[in-house]
Amino acid sequence: MNNRSSLHPQLTLSDLYDSSIVYTSRPSYVSNPWLEPEEHQSNFLTGRELIIANQMPVIVHEACVTNKLEILFEAVGKVIPSNIIQFNDQKSYEQVIQDLAINDNKKIYFQYIHGEDIVNKAHYALNKDVFMALNNKARIPEWTNYKYLPKREVVGIDDFSDAVSFWAFPFVLKPGDDLPTAGGYGVMICNNERDLEQAKIRIEKAKNETDTIIIEQKVEIVTNYCVQFAYSKDTGIQYIGTSDQITDDYGSYKGNQNTHDVPQSVIQAGREIMEIGVAEGYFGIAGFDLLLDKHGEVFAIDLNFRQNGSTSMLLLEPELQGRYHKFFSYLAPDNCDNEHFFNTIEKYINKGVLFPLSYYDGDWYKNETVKSRFGCIWHGESKVLVEAMEQQFLKELKKD
């Protein structure tokens, strides 16, 4: 087993951003039709990058940094960073951002855009207009230099029903605007008429906030890659790795696993896209969803000019055991109390097969029942071994 105390991530956030920048991975409390995260899930996300933050200040919900996380980190030779800025509800979160920006003259690096009523775009570390443009799905052709594109059509939302009638199943629908999405929530895969009718209901509800819809060919994929790069003026563009995305039949995100022998054509396509983004003014970490079909053709289906779920897994590779790594997160099951959930997690971390990233302590809440959440990386010699351990872990969670 590696001596974890002597190993370090290949890159940390403070290698990319200067000391005047503070990071927040929380979506705004104000939702949109394509990103309606549950409040506790959004709070949970704030702890995901603590290990890779290094010296970079991070805004974190108090429930993410209780003694439970301290215990889990200690088991892998880590400590909770001292440079965290805590909040506990919407009012305190927004007040923290405003105080940092206005009183402390800090720039905020947002994972998701926030409204101008919360903070003016002048206080964004990354130009807000650039950030929104690069993450606008309708503008993907610009950021790929009109390469790596499935057949697609961008239509006004009022023209959608007529336009989609000319498409044969299967196809994919996506919002074509600046509103943020995550985890495949804004992706609507239509394999049949029933899927299309459900998509039409969602689109109808979004009419007041969305102007355009993308209709796109559903690529019959061999592998769904998330190819990731980092950039700062000091480091230049760095390839930090590729993960294999795990999704269900309808595109919902189910985690990532590491992958070996990534085709050079996939890495090169990602580098070309990153170079275009950097030329537009982007800096930081970005991950691009690139599909490979049976003919070896590369298709760009989503460009995430932001950190991705598997970013920590790729950066922490030197500290992980074995050849197989899987990023995932868990919510305490209904038949499992928070104490048993935590104890089971601790047990598997001590087995050396589970690496903790974040823990959202439901017991921090005293006047309501909240299920704890856990973000982690499974690591071991093989996928077969890790999957067997995971199934055993899940079985133990379901105590009688």
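Me: Why is Asp-261 called exposed?

Reply: Exposed takes over 50% relative accessible area. Asp-261 has 75% relative accessibility, so it counts as exposed. Its phi is positive too, at about 60°, although it is not a glycine.

Me: Which peptide bond is called cis, and where does it sit?

Reply: The one from Phe-169 to Pro-170, with omega near -5°. Pro-170 lies in the loop between helix H7 (160-164) and strand E6 (171-175). Most peptide bonds are trans.

Me: How much confidence does the predictor put in the chain?

Reply: This is a predicted model, and its mean pLDDT is 92, with 93% of the residues reaching 70 or more. Residues 1-6 are a stretch to treat separately: the pLDDT there is below 50, and beyond near neighbours in sequence the stretch has 13 contacts in the model.

Me: Back to single residues. How do you know that Arg-152 is buried?

Reply: The cut-off is under 20% relative accessible area. Arg-152 comes in at 18%, so it is buried. Arg-152 belongs to strand E5 (residues 152-156). Among the residues it touches beyond four places in sequence are Ala-138, Ile-140, Trp-167 and Glu-216.

Me: What makes Arg-152 and Lys-137 a polar contact?

Reply: The pair of N or O atoms has to be within 3.5 Å. Here a polar atom of the Arg-152 side chain lies 2.9 Å from the backbone oxygen of Lys-137. Lys-137 is also on the list of residues that Arg-152 touches.

Me: How do you know that E11 pairs with its neighbours in the sheet?

Reply: Pairing asks for at least two bridges. Four bridges join strand E10 (residues 236-247) to strand E11 (residues 253-258), in the antiparallel sense, and two bridges link E11 with strand E14 (residues 324-331), again antiparallel. Gln-257 is a handy spot to look: Asp-244 stands opposite it, and Gln-257 also stands opposite Lys-326 in E14.

Me: Which residues have the most contacts inside the largest nonpolar core?

Reply: Tyr-109, Phe-288, Leu-290, Phe-341, Phe-374 and Trp-378, in a core of 102 residues. Helix H9 (residues 264-280) gives the largest share, six residues. Apart from this core lies another, of 15 residues, including Val-155, Trp-167, Leu-173 and Ile-213.

Me: What does Tyr-109 touch?

Reply: Leaving aside neighbours within four places in sequence, its contacts include Tyr-17, Ile-21, Met-56, Leu-126, Tyr-282 and Phe-283.

Technical notes. Residues numbered from 1 in each chain as written. Predicted model: local features only at pLDDT ≥ 70, side-chain atom pairs only at ≥ 80, totals over all residues. Heavy atoms only, no water. Buried < 20%, exposed > 50% of the residue type's maximum accessible area, 1.4 Å probe, protein only. Polar contact = N/O pair within 3.5 Å; in protein donor to acceptor, adjacent residues only side chain to side chain. Contact = heavy atoms within 4.5 Å. Core = buried A, V, L, I, M, F, W, Y, C linked by side-chain atoms within 4.5 Å. pLDDT = per-residue confidence, 0-100.
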